[in-house]
Every structure is written in structure tokens, then in C-alpha cells.
Amino acid sequence: MSDLRELYQEVILDHNKHPRNFGEIEGADRHADGYNPLCGDRLAVYLNLDGERITDVAFLGSGCAISKASASLMTDAIKGRTVAEARALFGRFHAMITDDADAPPPEGVGKLAVLAGVRDYPTRVKCASLAWHTLRAACDDLHEPVTTE
Ligand code: ZN
């Protein structure tokens, strides 16, 4: 199990160092800002939509490795999905990172399972969920910045 943990760690570090879909989408259909005051993580999420489908997604921000890796993994996971699918994935992801430590990752979380270890560190749950809260605000077209508090 500890070997597996190390592997997960490597994926997280890789996404932190080389975040996918990192940048701003000029003239994005939707955009929202998120802030996690507990850790100081700040993120902006940009979306382009074709009807209900997320055709493009990107993020910008500065924060800890977990917040950045989670945002990077999220953009990979939701590109091409519908808004409803992205919301459902957030539900499964949130369940995974707040489950008790012995529960296996829920089905259908795919690569996001690398963040399951976060549930052992309650203060990092907000780091891992910030990108998703910000995504939800972008989907809802909220213009107020969201915080994890
Ligand atoms: Zn953080």
C-alpha cells in the first residue's frame, strides 16, 4: 500500500509541476474565481461551452501542490463532458476525499483516484476541492468569487 501511495504522490507532483490546461481562455464563455483562505490557494477556472457540453477548460492560479494538481486533473477529467456529468463527477470526487480512510475510491473517478489519500489530511480536503467549487461557480455563471469557507 505504501508503494501505491508513493506512485500517487508522483502523479500529484507531476501535475503540480506540469499542470495540464494551465492558462487563460481569452473570451471564455464562463469564468469564476476561487479562494481557499485556509491555505491561500487562488484559482481561476475558464470554460467554453457548446450547449451543455464543456468544449474547453483551463485554469490559472497559485497555490499548494494539491490545489494545483487537483485543478490540473479536473480539467483533464471534464473536458468534453456535459455540465451535468461534471457535476456528478464532483459529487463522486467529493465523496472520495471525505470518505473514511478504509473505503475504496468510488467507481467512475478515473485518474482522480490519485487524490484519495487527501482524506487522511482533513485540512487538505479544501485544497483538493477548490478547483471543483470554482468550476461549479463557473457552470452556475456566478460572478462573486467562491471560497471554500
Ligand atoms: Zn492548498
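Student: What is the volume of the largest cavity?

Tutor: In this predicted model, the largest cavity has a volume of about 50 Å³. A search of the whole structure for cavities of 30 Å³ or more finds 1.

Student: What makes a residue part of the lining, and which residues line the largest cavity?

Tutor: A lining residue has an atom within 4 Å of a cavity point. Val83, Ala86, Arg87, Phe90, Trp132, Leu135, Arg136 and Cys139 line the largest cavity. At least two lining residues come from each of α3 (83–98) and α4 (125–139).

Student: How many residues of each class does the lining have?

Tutor: The lining has 6 nonpolar and 2 charged residues, and no polar ones. Arg counts as charged, and Arg87 and Arg136 are among the lining residues.

Student: Which residues have the most contacts inside the largest nonpolar core?

Tutor: They are Ile78, Leu115, Trp132 and Leu135, in a core of 41 residues. Elements giving two or more residues to this core are β2 (41–50), β3 (53–62), α2 (65–78), α3 and α4. Of these, α4 gives the most, with 10 residues.

Student: What is Ile78 in contact with, leaving aside neighbours within four places in sequence?

Tutor: Ile78 is in contact with Leu47, Ile54, Val57, Ala86, Leu89, Trp132 and Leu135.

Student: Why does Gly117 count as buried?

Tutor: Buried means under 20% relative accessible area. Gly117 has 19% relative accessibility, and therefore counts as buried. Gly117 lies in the loop between α3 and α4.

Key: Residues are numbered from 1 along each chain as its sequence is written. This is a predicted model: local features need pLDDT of at least 70, side-chain atom pairs count only at pLDDT 80 or more; totals for chains, interfaces and linings use all residues. Side-chain values use heavy atoms; hydrogens and water are left out. On a 1 Å grid over the protein atoms alone, a cavity is a set of points where a 1.4 Å probe fits but cannot get out, and a pocket is an open set with protein on both sides within 12 Å along at least five of seven lines; lining residues have an atom within 4 Å of a point. Grid points are joined across faces, edges and corners, and a volume is the space filled by probe spheres set on the points. Helices (H or I, at least four residues) and strands (E, at least two) are DSSP runs, numbered from the N terminus. A nonpolar core is a set of buried Ala, Val, Leu, Ile, Met, Phe, Trp, Tyr and Cys residues joined through side-chain atoms within 4.5 Å. Buried means under 20% relative accessible area, exposed over 50%, partly exposed in between (1.4 Å probe, protein chains only). Contact means heavy atoms within 4.5 Å.
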